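Reader: I am new to this structure and would like to be walked through it. Could we begin with the terms and then turn to the details?

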Amino acid sequence: MNITIKSPLDMHLHLRDGDMLKTVAPLTASSFSGAIIMPNLVPPVNTKEDVIEYKKRIQEAIGDENFVPYMTLFFKSTYTKEFLESVKDEISAIKLYPAGITTNSEGGVSGFDIDELRETLNAMSELNIPLCIHGETNGFVMDREAEFITIYEKLAFNFPNLKIIMEHITTKESVEALDKFENLYATITLHHLIITLDDVAGGMLEPHLFCKPIAKRPEDREALLRVALSAHPKVMFGSDSAPHPKDAKEASHCSAGVFTAPIALQVLAELFEDNNASLDNLQRFVSDNAQKIYNIKPIEKNIILEKEDFIVPKNYNNVIPMYAEKTIKYNIK
Ligand code: DOR
Ligand code: ZN
């Protein structure tokens with residue numbers, strides 16, 4: 001049976017720049033209607049000009065494909081209301097990284113002092129700009145996300161009108177936090193619905209599954225599956241597809257990131273099917289919930305997934321996708 005998904009959205013995507021952008025952008029553009037584009041370039045996207053120029057480069061890489069890149073800025077506590085007013089129409093969200101926590105996040109926030117963040121976060125609340133957060137402390141790697149919950153709660157409490165999106169959640173603690181504050185939402189990746197730390201490091205080291213936040217325990221994955229498969233209204237799909245060149249992954253000091261863009265929608269459909277979840281919930285998880293949370297109306301684009309074995313390519317130029325050379329059950333028509 002074929003599955004049709006209306007205007008699928010990827011609410012967390014890394015497209016990079018240059019040749020990498022040209023390799024990866026068409027892969028998402030052919031299977032999604034739009035995506036929230038992460039700003040962690042070198043240097044980060046933090047001016048209106050950066051946003052406009054980067055969006056142009058993305059559109060060039062995509063060519064004629066019908067696809068909307070929803071742009072973001074890299075959060076700085078120095079952004080004033082005046083600046084945000086001037087850039088508001090060009091962006092859909094602002095992404096906050098704790099300093100040094102992941103790829104190209106050196107210029108992020110340290111300390112999370114509410115007074116230091118107040119002006120920018122109040123302005124974002126007033127202008128209705130969502131705040132996306134990579135929620136990890138610099139503590140022990142398995143505990144970083146759970147430790148960050150107190151910061152999420154502090155922000156949610158102090159800025160009740162700010163939409164806060166807990167990006168790529170990986171723990172049951174984050175799932176629980178969703179229902180504690182009205183203004184907390186979350187994205188969930190495909191890989192965190194499928195793998196645990198065992199898949200990364202339980203046997204031979206699997207660098208292509210190494211990412212931040214690191215995959216956690218079976219019970220965490222179960223909690224994520226529960227809210228994704230039931231399409232909890234506060235969760236949405238965000239692949240966090242994060243391509244790195246093969247030699248940066250298959251190396252000591254392996255870069256963090258799983259490249260899922262070419263298989264994301266197909267494997268998501270397979271996952272919902274294998275878990276006997278409804279197609280209505282799949283539609284909500286990959287589009288409808290995000291439309292409501294972000295208040296966006298994506299371009300109409302029906303993606304048809306055909307039930308047909310598909311062998312995932314070994315590589316896309318110099319990037320290795322998740323499930324390289326493995327057979328998946330759906331193919332995009
Ligand atoms: O694994 C990751 N890779 N996690 C992130 O948060 C960033 C991403 C990247 O940009 O490579
Ligand atoms: Zn990311």
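Author: A term first: a polar contact is a pair of N or O atoms within 3.5 Å; within protein, one must be able to donate a hydrogen and the other to accept it, and residues adjacent in sequence count only if both atoms are side-chain atoms. As for the source, this is a predicted model in which local features need pLDDT of at least 70 and side-chain atom pairs count only at pLDDT 80 or more, while totals for chains, interfaces and linings use all residues. Residues are numbered from 1 along each chain as its sequence is written, chains are lettered from A and ligands numbered from 1 in the order in which they are written, and side-chain values use heavy atoms, with hydrogens and water left out.

Reader: Which atom of lysine 212 lies 2.7 Å from a nitrogen atom of ligand 1?

Author: A backbone N or O atom of lysine 212 does. A polar backbone atom of alanine 256 is 2.9 Å from a nitrogen atom of ligand 1. In arginine 16, an N or O atom of the side chain is 2.7 Å from an oxygen atom of the ligand.

Reader: How much of ligand 1 does the protein cover?

Author: The protein covers 100% of the 280 Å² of accessible area that ligand 1 has on its own, by the Shrake-Rupley method with a 1.4 Å probe.

Reader: Which residues come nearest to ligand 1?

Author: Of the 14 residues around ligand 1, Arg16, Asn40, Thr103, Lys212 and His244 come nearest; a residue is near if one of its heavy atoms lies within 4 Å. The shell has three nonpolar, eight polar and three charged residues. Here Ala, Val, Leu, Ile, Met, Phe, Trp, Tyr, Cys and Pro count as nonpolar, Asp, Glu, Lys and Arg as charged, and the others, Gly among them, as polar.

Reader: Where does ligand 1 sit?

Author: Ligand 1 sits in the largest cavity, meaning that more than half of its atoms lie within 2 Å of the cavity's grid points. On a 1 Å grid over the protein atoms alone, a cavity is a set of points where a 1.4 Å probe fits but cannot get out, and a pocket is an open set with protein on both sides within 12 Å along at least five of seven lines; lining residues have an atom within 4 Å of a point.

Reader: What volume does the largest cavity have, and what lines it?

Author: Its volume is about 120 Å³, taken as the space filled by probe spheres set on the points. The lining of the largest cavity has 17 residues, with His14, Thr102, Lys212, Asp240 and Ala242 nearest its centre.

Reader: And which residues lie nearest the centre of the largest pocket?

Author: Glu206, Pro321, Tyr323, Ala324 and Lys326 do, among 16 lining residues. About 320 Å³ of space lies in that pocket.

Reader: Changing topic, which peptide bond at lysine 212 is cis?

Author: The bond joining lysine 212 and proline 213 is cis, with omega about -10°. Proline 213 is in the loop between helix H8 (197-202) and helix H9 (218-229); helices (H or I, at least four residues) and strands (E, at least two) are DSSP runs, numbered from the N terminus. The peptide bond from valine 42 to proline 43 is cis, with omega near -10°.
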